[in-house]
Amino acid sequence: MDVVHYLDSARLGLMSPSASRRHGELARFAIDAAASPLMDSLLNEGGAAWPDPIRREFPSLSDFPGIAGFRQRVLKTLGCADWQQLILGTTSNSLIRIASQLLFGPCRRVLTTDLVWPVYRKVLERRSSKRSSELCIIPLRQFIFQNHPTASQLIDFVANQFCERNCDGLFLTAVSHDGIRLPVAEMIAAIKGRSEVKVSVIDGAQEFAQVDHRNSLKAADFYMTSGHKWAGSYVPISIGVFGADRTASRIGQVLAHQIESGLIDDPLMQLCWDSTDSQPISAPSTANVAALFACDAAITDFARNSTSACSGPLAEDEMDGLYNPLKKNGWRTMLSSQVLRSRTTVLHHEALERHSPATVRRCFASEGIALTAFDHGRVRLSIPRGNWTTDIQIDVGRRFNSVHASLTKTT
């Protein structure tokens with residue numbers, strides 16, 4: 001069955017219209033030109049340097065401003081200051097390695113929470129062990145579900161844990177994979193009012209283009225995010241922003257050392273790092289430059305919607321049409337607090353517990369819904385920023401109950 005409701009942007013966002021057009025042009029371009037001097041020119045100078053006949057044949061590709069121009073466009077879209085700097089890479093693995101080096105150098109004890117992405121946690125644990133430092137993981141999820149705290153209570157809890165454990169570094173998740181949104185900027189400010197924070201890193205992979213990220217960006221020494229989830233590039237690309245006065249120099253040194261020594265094997269990161277030099281670059285054979293073109297087009301679409309960057313969390317009226325009917329049929333929300341809500345929500349039904357996540361996901365797909373299914377009867381919905389009317393909510397709810405009825409029959 002065709003996908004009627006795509007509710008899985010937390011996994012991978014739909015490709016934006018402009019990114020889709022450009023990707024199609026790139027496929028045609030690659031048939032004849034691939035890594036030709038035309039590609040060199042596109043990466044170095046942008047499509048404006050192409051001959052007019054080429055520009056007319058590939059109008060979307062020719063709008064690419066070159067790597068340097070793309071970097072500036074990303075910074076502008078994120079709302080960065082002119083002096084802030086950017087790291088671009090193929091995957092988030094490169095960024096978390098950089099983050100771990102930034103933290104476990106000057107910091108003896110780094111505080112994080114149990115909301116951290118498991119892969120990131122392993123990287124941080126390995127790095128802390130090598131440096132004979134300590135990673136302090138606090139049970140924030142448990143605190144949230146047991147106490148239903150206000151924002152101020154949550155901030156106090158994290159700040160108190162930081163001070164009690166004598167920490168001096170921070171790694172915070174702005175929005176967890178299951179939609180818990182933390183007031184990370186306020187947390188960092190509160191901690192700095194009580195203790196020294198040598199380095200702060202914020203994981204904003206699920207924040208940018210889902211909810212307003214600007215306070216987080218300003219608060220962190222290093223901010224990590226992506227273009228392929230909520231922003232709509234589809235082709236994976238990782239984005240790191242640094243530039244706080246007190247840490248910018250060290251971040252630059254760490255990055256240069258890791259790239260130049262080969263500790264980070266990320267051809268796209270190498271390419272974009274080299275592009276900051278005055279020497280022209282040649283089209284690489286291994287870097288996935290499609291990620292640059294798609295991300296540039298996607299953030300251009302994103303920026304055209306003046307409200308996108310300021311997107312708020314789910315309001316009550318954005319869930320009532322869906323959730324109220326579902327409650328009557330046994331569905332339960334995993335997070336009721338408006339304070340901690342993003343545009344990602346997790347629902348649970350005990351009837352789903354007897355089925356594998358793969359089975360549940362396929363069953364939803366048969367009803368025209370794309371989402372993520374987890375163990376223990378939980379499903380994750382990524383609610384779009386637009387086109388989420390009450391009628392659509394009611395239709396999604398009807399399909400949810402059809403899935404429930406189907407899985408109950410097969411039990």
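A polar contact is a pair of N or O atoms within 3.5 Å, of which, within protein, one must be able to donate a hydrogen and the other to accept it. The views below show details of a predicted model.

**View 1. Thr344 and its surroundings in the predicted model.** Thr344 has its place in strand β10, which comprises residues 344–348. The side chain of Thr344 makes a polar contact with the side chain of Gln210, at 2.8 Å. Thr344 has a relative accessible area of 5% and is therefore classed as buried, the cut-off for that class being under 20%. Leaving aside residues up to four places away in sequence, Thr344 touches Ala10, His177, Asp178, Gly179, Gln210, Trp230, Leu314, Arg380, Leu381 and Ser382.

**View 2. The open sheet of seven strands.** The strands are arranged in the order β2-β8-β7-β6-β5-β3-β4, and their pairing is mixed. Strands β2 (85–89) and β4 (134–138) stand at the edges, and because each has a single partner strand, one side of each is left without a neighbour in the sheet. From one strand to the next, the twist averages 15°.

**View 3. Strand β8 between β7 and β2.** Strand β7 (residues 222–226) and strand β8 (residues 238–242) run antiparallel and are joined by five bridges. Among the residue pairs that link these two strands, Ser226 has Ser238 in β8 as its bridge partner, while Phe222 has Phe242 as its partner in β8. Strand β2 is likewise joined to β8 by five bridges, and these two strands also run antiparallel; here Leu88 stands opposite Ile239 in β8.

**View 4. The two covered faces of β8.** In a regular strand the side chains alternate between the two faces of the sheet. In β8, Ser238, Gly240 and Phe242 lie on one side, whereas Ile239 and Val241 lie on the other, and the residues on both sides are all buried. Strand β8 is accordingly described as mostly covered, with five of its five residues buried.

**View 5. Helix α6 across the sheet strands.** Helix α6, formed by residues 118–130, lies across β4, β5 (169–173), β6 (199–203) and β7. Relative to β4, which is one of the edge strands, helix α6 runs at about 145°.

Methods
Residues numbered from 1 in each chain as written. Predicted model: local features only at pLDDT ≥ 70, side-chain atom pairs only at ≥ 80, totals over all residues. Heavy atoms only, no water. Pairing = 2+ DSSP bridges. Helix = DSSP H or I, 4+ residues; strand = E, 2+ residues; numbered from the N terminus. Axes fitted to C-alpha atoms, helices over the stretch in contact; angles between N-to-C directions. Contact = heavy atoms within 4.5 Å. Buried < 20%, exposed > 50% of the residue type's maximum accessible area, 1.4 Å probe, protein only.
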